[in-house]
Amino acid sequence: MTNQMLKSFASALALGASVFATGALAKSDITIAMQLEPPHLDPTSAAAQAIDSVVYTNIFEGLTRFMGDGSVVPGLAESWEISEDGTVYTFKLHDGVTFHDGTTMDAEDVKFSLDRASAEDSANAQKALFAGIESVEVVDPLTVKVTLSEPDGNFLFNMAWGDAVIVSPDSIDNITTNPVGTGAYTFGNWVQGDSITLIRNPDYWGAQPALEAATFKFISDPTAAFAAMMAEDVDVFDNFPAPENLPQFEADPRFQVLVGSTEGETILSTNNKKPPFDDIRVRQALAHAIDRQAIIDGAMFGYGTPIGTHFAPHNPAYVDLTGNSAYDPEKAAKLLADAGYEEGFKTTLHLPPPSYARRGGEIIAAQLAEVGITAEIINVEWAQWLESVFKGKDYDLTVISHTEPMDIGIYARPDYYFQYDSLDAQTLMETLNATTDPEERKKLLGDMQRLISTDYVNGYLFQLPKLGIAKAGVQGLWMNAPTAAIDLTQISWSE
Amino acid sequence: MLRYALKRLISLLISLAVASVVIFAVIEVAPGDPASFMLGVNAQEDTLAALRAELGLDVSKAQRYFNWVGGMLVGDFGTSYTYRTPVSQMIADRLWVSLPLALYALTLSTLIAFPAGIYAAARRGKPGDLTVMGATQLGIAVPNFWFAMMLVLIFAINLRWFNAGGFAGWDQGLWTGLHSLTLPAIALALPQAAILARVMRSSLLDILGEDFMRTARAKGLSRRQALWRHGVRNALIPVLTIIGLQFSFLLAGSIIIEQVFYLPGLGRLVFQAISARDLIVVESVVMLLVFAVITVNFLVDLAYAAVDPRLRSRT
C-alpha cells in the first residue's frame, strides 16, 4: 500500500508544483480579505456592513462622504448652502458625472434616491436618517434643494452614510447583483461564496485611482484567515478575526499591522427598567465592579481603548469619562449594600456570538461574582439576540458593540432596549439636533456624554479596535473605520 | 416486480412528505426573525413590515409551508432572503464545488484504501498488517479539520505549493480547479480511506475463509492468484455499500473542511444561511440532501430486487 499511497501523494504534489510556477503578479491589483460575505450589493436596503465594505466610495457615492479620519467632505455635491434657519440645503452637484452604464448623474437621480430611501415602503435599514426630509426639489440638472421639517445639525453627516448613496432609476432593479453607481470602480464579477472583483472605471469623474482591479475574498474562520495571510494568498485582511495572532504578524517583516479604532462602543447593556437595575446605585455598582483593562487583555489580547461613555475616542468631541467608573470592587460592594443588596443578587447575561462578547462576558461574570452578583451566562445567536433582547427587551444584561457612527441619540429613545427614560437626555438631544454651530454642538455632545456616564445607563467597556493586516508594500489603507468601508481609491503599492 | 417498485415508490413519497414537514417545523420553530436580522438594530417597524411582505413572511406558517412545498414540486426552491437570488441557482453553483470535491475525495480514499486493505489482509498478523492497521486507527482518530490545518501549514504556508484555501471557479481551467480542491480532498479522504481500508481487510478475511477459496487453492492457484481472482471480487460487495454511504457523507458533511479552506460549497452555504436566518435556503438544501439520500436508497432497493428475486416476494 505504501507504494500506492506515495504515488498518489507524489502526483498530487507534482500537480501543485506545476501551478505554483505560474505565480508572480504585477502590482496593479490587490486581494483583500474580509470576514463576512455581503448578502447582496445594495447598500440602501440592508444593514450588513459587508455590503458597505465592498461598495462604499468604490462603486457608490453619496452627496457627501466620510474620509478615513472620520471627517465629512463633499462627494457628488461639490458644494452646498444652508439657509439661515437651517432647514433648507441647496446642493450644487459635480458636472460631468456618469453612472457606470453611461447615463448622466443629475439632480433627478438625487431626488429619486432620497425619495426612495424615505418612501413609505422603503427597505432602507437606516430610514431614520431620512425622516427629517420634507421635500426634495430639482432646481436645475446640477442643483437640488432639500427641505427639512426642522433643523438637523447632523444632516450632512447623515448623507455620507452608505445607506444614502445616489443610485440610478435605470439600474435599480438589478442593484443587488449588478450594482451601477458613479464610483471609481465598476462591478466586475461575483463568485458567490468566494470572491467579488471590482475593475477601475476609466470614465470616473474624479482622479484616477492607482489600482486597476481589486478582489474581495471572504474568510471567516480565524485559522483559515491566519493561513491565507501567511501563505500570502491575500494582500490585506480588513479586520482580522484572531487578535491572538497579531504579534506574529508584527514580528514578520513581510507584513504591517494596522491597529485602529472603529465606531463600535462595546458596552454592558443594562435593562434600566428591570429591577434591580432601575436603581442607579446598582448600575453604578456594576460600573465599579468591572475592570476594563482585564476585559481588554483577556478578551481582546490587549487591543481596544477603554471608554467611559457611549462615544468614539477618536472623535474630537470625545470626553474621557473612564474615571466615573474606575475599577473599585469595594465601592461597588458598598453601593450594593446601600441599595439593599448586601448579599448580592442573581441575574442573567445574554451573549451574542462575536468573541468580544463571549470572551468578554465570561470575564465580566467573574468580576461581578467578586462583588456578590451571580450572572448566569446565556449564549444566543444573532437572530435570537435581536428577537428577545433587542426587540423583546427581555434581558437583564448583555454585551454588545454598537457599531453605528454617532449613535449617542439612542439614549434619547425611551423605547430603545436600554429602556433609559430621561427627560434631560431627550431635551439635550433635541437641542443638539437643532444646533448647527460646530463649537456649540461639541459642547452639547460633551454634556450628553457626561449625563449618560453619571447616570450609569450601561457599563462602558471599550472601543472595538480595527485590526488590519497588510503586506508591507500596501499604502493608503484606512487605519480607523469611521464607517464600514475599504476605500480603494486611496490604496496603492509602494515601489 | 412492478408491484414491488410501486410499493417502494409510495414509501419514498411518504418519506419525502414526512421529511419536509419535519424540516420545516424544526427550522421554523427556532426563534429569530429573518427581516430584523437583515435590517439590523436601527430598522423601523414599517420597514420591517415591508420587507416581511416582500419575503412572503407575512402569511401564516401553514400557508408558507404549502407555498414552499408547492414551489419545490415545480422546481422552484424560492428566493434566498439574504442573497435575493433564486435558491435553485445558488444550490447549482455550490454543487459545482461540493460534488467534484466529494468525488475527488472518494477517488483518493478508494485509491488509498483498496491496496492498503488487500495488503493487510494478505499479510494477516504480520508486521505489514499491523502497520497498516495502526495507521488506519490513527486515520480514524485524527479529526479531519486538524489534519486540514496541518496540510495548510506544510503545503500552503511553508512550501507554497498550494493556496491556503478558496476556489477560483472552473472557468479558470480544470487544473486550477482541481489544484484548489486538492488539499481539501486529501483532508477529507484520509479518514474515509482509513475506514474503507479496515472494511476491505475484514471483508477479504471473511472471504478467504470460505470454501470456494479453499477449492481455488486446491485447484492449484497460488495464494496471490486466489486472492486476486476470487477473493477481491467477492469482498467488494460490503465495500461498495460503504463507498455509497461515504459519498453522501462527503457531499453533506464537508461543512468543517469547507470552512477551513473557505470553499464556496453546499456545506458553507448552509452554515452561512443558518447564522443569517436564511430559512428558505436551509430548508431547501436540507430537503435536497434528504431527497438525494432517499432516492439513492430507492434505487439501491430496486437494484437488490433485480439481483435477488427473494426480496420481491418478501415485501
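How many salt bridges does the rule find across the interface of chain A and chain B? I looked and got 3, a salt bridge being a side-chain nitrogen of Lys or Arg within 4 Å of a carboxyl oxygen of Asp or Glu. Lys127(A) pairs with Asp46(B) in this way, with the closest N and O atoms 2.8 Å apart.

A note on the source: this is a predicted model, where local features need pLDDT of at least 70 and side-chain atom pairs count only at pLDDT 80 or more, while totals for chains, interfaces and linings use all residues. Residues are numbered from 1 along each chain as its sequence is written, chains are lettered from A in the order in which they are written, and side-chain values use heavy atoms, leaving out hydrogens and water.

**The interface**

Next I looked up who takes part. Chain A brings 60 residues to the contact and chain B brings 54, with contact meaning heavy atoms within 4.5 Å. I then checked the area: the two chains bury about 4800 Å² between them, 63% of it on carbon and sulfur atoms. Buried area here is the accessible area (1.4 Å probe) that two parts lose on being put together, summed over both.

**The largest cavity**

A cavity is a set of points on a 1 Å grid over the protein atoms alone where a 1.4 Å probe fits but cannot get out; its volume is the space filled by probe spheres set on the points, which are joined across faces, edges and corners. The largest holds about 100 Å³. Its lining has 14 residues, and among those nearest its centre I found Asp238(A), Lys466(A) and Trp478(A); lining residues have an atom within 4 Å of a point.

Note on methods. 1 Å grid on protein atoms, 1.4 Å probe; cavity = no way out; pocket = protein on both sides within 12 Å on 5 of 7 lines; lining within 4 Å.
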